[in-house]
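Dear colleague,

Please find below the structure for your review. My notes on it follow directly after.

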Amino acid sequence: MTNTHHHEMKADLHYLHLLSQSFPTIADASTEIINLEAIMNLPKGTEHFLADLHGESEAFQHILKNASGNIKRKVNELFGNTIRESEKKELCTLIYYPEQKLELIKAADSDIDDWYHITIHQLVKVCRDVSSKYTRSKVRKSLPQDFSYIIEELLHERTDDIDKAAYVSVIVDTIISTGRADDFICALCNVIQRLAIDQLHILGDIYDRGSGAHIILDTLRQYHSWDIQWGNHDMLWMGAGAGNDACICNVLRLSLRYANLATLEEAYGINLVPLATFAMEYYGEDPCEEFIPKLMEGNTMQDKYIRLTAQMHKAIAVIQFKKEAQIFKRRPEWGMLDRCVLDHIDYERGIYVIDGKEYEMRSNNFPTIDPNDPCKLTPEEEQLMERLHHSFRVCEKLHKHIKMLLSHGCMYSICNQNLLFHASCPLNPDGSLKEVELYHGERYSGLELMKRIGMLVRAAFENDTEKEFRLYARDYFLYLWCGKDSPLFDKSKMATFERYFLTDETTYKEEKGCYFQLRVNEEICDHILDAFGVTGPNRHIINGHVPVHVAKGENPIKAGGKLMVIDGGFSQAYHKETGIAGYTLVYHSRGFQLVQHEPFTSAADAIQRGTDIKSTTQLVEMSTHRMLVADTDKGRELREQVADLKELLYAYRHGILKEKRS
């Protein structure tokens with residue numbers, strides 16, 4: 001064998017040695033090549049995109065169960081006109097909520113064995129359809145231990161063969177006669193739910209407004225494959241967990257504003273008694289009208305609690321304005337000194353003065369503010385903050401959830417030619433990428449900016465980071481929440497103070513950054529996609545963050561199909577504004593489907609009456625050929641693995657490496 005041949009080997013010999021430990025013989029390497037080639041020819045797995053869940057855990061769980069209508073679509077394709085609409089609906093509800101639905105059916109149906117027979121056959125058919133996209137080994141891994149052998153037998157048997165039909169019938173009979181039918185049905189339904197979606201992408205904002213953020217995170221902990229692009233509200237809670245006091249105040253203020261204390265008190269065990277005691281002492285006589293909480297539907301809070309919540313709301317808001325100003329003064333390079341709002345109040349006249357202009361205030365009762373040093377905390381406020389700070393730092397469950405956000409998340413993600421980020425990529429007025437200053441005056445834009453911010457966020461939680469850098473990282477959570485050039489905010493200001501205290505509504509205006517005006521332009525989107533290195537003819541940017549005002553005729557698809565905005569609109573707080581409960585996006589092997597949801601009532605309703613989330617589907621892009629795994633990022637990885645394995649075969653066959661016969 002000539003030397004030149006030796007040099008053509010692309011893979012490094014060290015690497016091939018490593019690879020040979022996993023595939024010690026020619027036969028092993030060949031089998032793996034065949035296996036990988038087969039996987040590449042399977043249809044592309046279904047990706048599911050959700051954004052802005054805002055603590056609405058019931059709606060979130062339902063959408064996971066129905067895969068944004070993907071399961072309903074499969075049931076319709078499979079059973080078309082062969083069974084009644086009402087039966088299809090029953091079957092879908094059973095797949096989503098098997099345990100609960102079985103109870104109802106057993107109470108109502110006299111001939112349950114007959115129902116078991118028909119239903120098990122239907123479920124096997126649906127399961128066979130959703131599992132056809134995957135290799136047998138992947139399906140095997142997602143089967144419950146108790147029934148994996150039986151389900152596998154049923155999935156791979158053809159019932160059109162007479163002898164086999166009898167065999168399948170016997171399996172089903174035995175399941176029923178041994179009293180395992182209920183467990184078996186639940187197992188099948190869970191497998192269908194699991195295989196209907198291959199990868200879940202969450203485009204930020206799990207936290208705030210609704211009361212179930214912790215339930216969503218607990219659900220995700222069990223979920224087979226997901227990633228998150230952090231949103232501004234997630235960042236706020238991460239900042240609170242990292243010990244940023246301004247973030248802690250904001251988290252408390254938002255929870256009090258929406259009278260949603262379940263996440264704080266029940267899930268994370270944050271003790272709010274010290275805040276309540278403090279608020280009663282200092283604001284007991286204050287009507288706190290501007291701070292009366294916004295109650296969601298069904299929240300029946302007693303008047304005396306509404307009053308106390310308003311007082312706590314005001315107490316923490318005032319401390320928040322002080323804490324924020326302290327950080328803005330410590331970091332003048334952020335250019336946010338104009339947001340030290342308490343410095344602009346003329347406390348004697350009760351007037352807010354900014355840029356020489358005077359504004360009337362709704363109220364002027366600030367018992368804890370020293371007009372000579374408005375941003376200084378009183379000793380009692382200091383003591384209260386120490387206790388709250390401690391609660392957030394030692395809460396084990398919160399830190400477990402933050403760890404999940406760190407291990408599954410980042411500021412952005414690129415997956416199968418789609419660029420995902422929560423809100424914005426800061427731009428200059430001419431559409432070029434805006435340079436934003438980070439630690440020590442270093443400036444970054446676009447991809448590099450997102451990467452650096454991701455590193456900064458992680459640094460706040462790592463004890464071996466240099467102390468000064470870690471403190472900067474901890475402060476930076478506040479900038480990410482409300483800084484002008486934060487990719488998660490990108491507005492001129494956050495008008496929290498103005499909305500509470502000023503009567504002039506022109507001061508509430510938050511000017512959106514250039515990205516939000518320019519992203520409707522196809523060229524700009526192409527420019528951003530190029531900068532992030534996203535290639536291919538069908539590439540897109542997918543964002544959440546801004547609710548789509550469908551009621552006003554706004555379209556979630558922009559820039560000639562290059563950009564999609566899918567704020568899930570799950571939050572009840574938005575339904576009046578948007579007119580819908582938002583969008584989710586499904587990207588299966590035949591293309592994109594944008595699913596528009598009506599508001600979800602409740603799981604109980606779905607089980608009793610079979611009400612699904614009413615969703616209408618827009619087909620965004622249907623691809624001419626069915627996309628295969630080979631067309632995806634995973635396919636590229638597999639091709640590289642095949643190339644390496646072929647190198648390994650070459651090395652074995654030419655004696656460069658010896659096979660390791662056992």
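Two strands are said to pair if DSSP finds at least two bridges between them; strands (E, at least two residues) and helices (H or I, at least four) are DSSP runs, numbered from the N terminus. This is a predicted model, in which local features need pLDDT of at least 70, side-chain atom pairs count only at pLDDT 80 or more, and totals for chains, interfaces and linings use all residues. Residues are numbered from 1 along each chain as its sequence is written, and side-chain values use heavy atoms, with hydrogens and water left out.

I begin with the hairpins. Strand β5 (residues 351-354) pairs with β6 (residues 357-360) in the antiparallel sense over four bridges, and Val353 stands opposite Glu358 in β6. These two strands form a hairpin with two residues between them, and Asp355 in the turn has a positive phi of about 50°. Strand β5 also pairs with β4 (residues 345-346), again antiparallel, over two bridges; here Asp346 stands opposite Ile351. The β4-β5 hairpin has four residues between its strands, and Gly350 in the turn has a positive phi of about 65°.

There is also an open sheet of five strands, in the order β8-β9-β12-β14-β13, with mixed pairing. Strands β8 (412-415) and β13 (557-558) stand at its edges with a single partner strand each, so one side of each lacks a neighbour in the sheet. Within this sheet, β12 (residues 540-543) and β14 (residues 563-565) pair in the parallel sense over three bridges, with Asn543 opposite Val565.

Yours sincerely
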